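Please keep the model open as you read.

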Amino acid sequence: MADLVIDPVTRISGNASIRLVRDEGGSPGEARLQAFGYRGFDLFARGSHVDNLVTLVSRICGGDSVFHQVAAARAVEAALGIEVPAAAGLLRELCMWGQLLERHAVSLTVHSLPDLLLPSSDPGLRNIISIHRVDEEVVRRFMALKSLGTLVLREAGGRAVHAVNVLPGGVVRPMGEERRSRLAEKLGEARSLLVETARLIKLLLRRNEEVVESLGEETSPCLALRSEGEMGLLGGRAVLFEEGAGERANLSLEELQASIEERNSPHSHIRVAEIREVGSVRVGPLARVNVYGGYGSELADAELEELKTQWGFPFRRSMLAHAARILEMIHAWEMITRLLRASPGEGSRATASPGGGAGTGAVEAPEGMLVYGLELDAEGTVKTLSITAPLQFNVGALERCLLAGARSAGEGPEGDRRAAVLLETAARSFAPCIPCALH
C-alpha cells in the first residue's frame with residue numbers, strides 16, 4: 001500500500017511535509033516530518049565581528065527574532081565576561097514576554113483554532129476565514145491579544161519585527177516613562193480577554209477529548225530553563241524532569257551545551273538534538289509547565305489548577321500544549337504588568353573590549369529552549385557558532401505523536417481521510433517553527 005503524504009502541511013511556520021510509511025501489512029509503521037533547506041547561519045556567521053552577530057541571527061526567524069537576539073547576546077556576554085545592567089535585563093525581558101504573547105496568540109488562532117472549532121469540516125473550509133464568517137468576535141479577541149504583544153515588543157524593542165534595541169552588553173536605549181505609562185494603561189484592558197480565551201480553549205479541548213486521546217501520550221523527559229524557581233526566560237539552569245523520577249538533572253548552561261548531541265535525520269534536513277545518556281527530550285510550553293509545576297503568578301496558576309483536576313498532572317497529551325500556551329499568555333501578561341510597575345532602574349549597557357573567549361547563551365523561546373554556543377578569536381570575530389532550536393529537540397516527540405494519530409485513525413479510505421486530519425492536527429499541537437530548525 002502506498003505511503004500517505006501530506007505536502008505541504010498547512011497552518012504552521014515554514015514549509016514541511018508529513019510522510020506516513022506503511023509496513024508490509026499496510027499498517028502505519030513510521031511517521032516522518034520532512035523539511036528541507038540550507039542550514040547556513042552557523043557557517044556564514046564565522047568571521048563576522050561580534051557587533052554584527054545579534055543583527056545577523058535575528059533574520060533566522062521573524063516570529064522568534066528577539067529570542068535569537070538575546071540568546072546570541074548572552075553567548076557574547078558569557079564569552080567576554082560582561083555583566084549586563086539590571087535595567088537592561090528587565091527591558092530585554094519585557095521584549096521577550098511581548099513576543100511570546102504575540103507568537104502564542106498567532107499559533108492558537110491562525111494555526112490551531114480551526115482544528116478545535118471545525119474538526120470535522122472540509123479541509124478547504126477549516127481555516128480562520130471560515131471562523132471569522134460565523135464568529136467574528138472570537139477571532140477579534142485573539143487578534144486583540146496578538147496586537148497587545150506586538151505593541152509591547154514595539155515599545156520595548158524599538159520595532160514590531162526584528163527589534164533593534166538588543167545588543168551585547170545590554171540595550172540601545174531605555175524605555176521612557178511616557179511609553180511605560182501608555183503601555184500599562186493598554187494592558188489593563190486585556191485581563192478579561194485572557195480569562196475568556198482561556199475558558200474557550202479549555203472548553204474546546206474537552207469537546208475534542210477523543211482527538212486529544214487519539215494522539216497518544218508522550219512520556220519522554222521534559223527539559224526547561226529555571227531561574228530562582230521560575231521560568232528561565234533569560235537563562236538559568238537547565239532542568240531535566242522525568243515523570244516518576246522527578247528532577248533527573250540540573251545543569252549549568254555550559255554543561256547543557258556539552259551534553260547536546262546532534263545527528264542528521266535520514267529523511268529531513270532538520271538535525272535531531274538529544275541529550276547524552278538521556279536521548280530524546282521534549283521542550284516548549286508543555287515541558288515547561290511539567291518542569292515548573294506552576295507559573296508563580298496568581299491568575300495563571302489558578303487556571304492551571306483547573307486543568308490539573310481535569311487532565312491529571314504532569315501533562316502527557318500533546319494537544320494540551322494549546323492549554324499551556326494560553327496559560328503562558330496569561331503569565332506573560334502578569335509579568336509584563338509586574339515589569340512595568342517596577343522601578344526601571346539605571347544603566348542601559350555595559351561595554352568590554354573585544355577579545356577571545358567562549359560562551360553559551362540559552363533562553364526559553366515560545367516553543368522551547370534555544371541554545372547558542374559561541375567561540376570568539378582575539379579580534380572579537382566569530383570562530384565557531386552552534387545554534388540548537390526547539391524543533392530539533394521536539395522532532396522525535398512530534399513524530400511519535402504523528403504515528404499515534406495515524407494508528408488510531410482506522411483502515412481503508414475513511415481511515416486515510418481521518419489520518420490526514422489527525423496528522424496535521426498533531427503537527428500543529430507542537431507549533432513547529434521550521435525556519436528556526438533549518439536556519
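The expected span of a helix is 1.5 Å times one less than its number of residues. Helices here are DSSP runs of H or I with at least four residues, strands are runs of E with at least two, and both are numbered from the N terminus. The model is a predicted one, where local features need pLDDT of at least 70, side-chain atom pairs count only at pLDDT 80 or more, and totals for chains, interfaces and linings use all residues. Residues are numbered from 1 along each chain as its sequence is written, and side-chain values use heavy atoms, leaving out hydrogens and water.

Let's begin with helix α8, residues 190–207. Its 18 residues reach 26 Å from first C-alpha to last, close to the 26 Å expected at 1.5 Å a residue. Several α8 residues are buried (under 20% relative accessible area; exposed is over 50%, partly exposed in between, with a 1.4 Å probe and protein chains only). Among them are Ala190, Leu194, Val195, Ala198 and Leu205. The buried residues of α8 pack against α4, α6, α7, α9, α12 and α13, where contact means heavy atoms within 4.5 Å.

Axes are lines fitted to C-alpha atoms, for helices over the stretch in contact, and angles run from 0 to 180 degrees between N-to-C directions.

| Pair | Axis angle | Axis distance |
|---|---|---|
| α8 and α12 | about 10 degrees | 12 Å |
| α14 and α15 | roughly 155 degrees | within 9 Å |

Angles under 35 degrees count as roughly parallel, over 145 as roughly antiparallel, 65 to 115 as roughly perpendicular and the rest as oblique. So α8 and α12 are roughly parallel to each other. On the α8 side, the contact includes Arg191, Val195 and Lys202, and on the α12 side Glu303, Leu307 and Trp311 are among the residues involved. By class, this contact of α8 with α12 has six nonpolar, one polar and five charged residues. Nonpolar means Ala, Val, Leu, Ile, Met, Phe, Trp, Tyr, Cys and Pro; charged means Asp, Glu, Lys and Arg; the others, Gly among them, are polar.

The pair α14 and α15 is therefore roughly antiparallel. Leu398, Cys401, Leu402, Gly405 and Ala406 of α14 meet Leu422, Leu423, Ala426 and Ala427 of α15. That contact of α14 with α15 divides into eight nonpolar, one polar and no charged residues.

Finally, visit Gly347, in the loop between α13 and β12. Gly347 is partly exposed, at 43% relative accessible area. Gly347 and Ala86 lie 261 residues apart in sequence and 7.6 Å apart in space, C-alpha to C-alpha.
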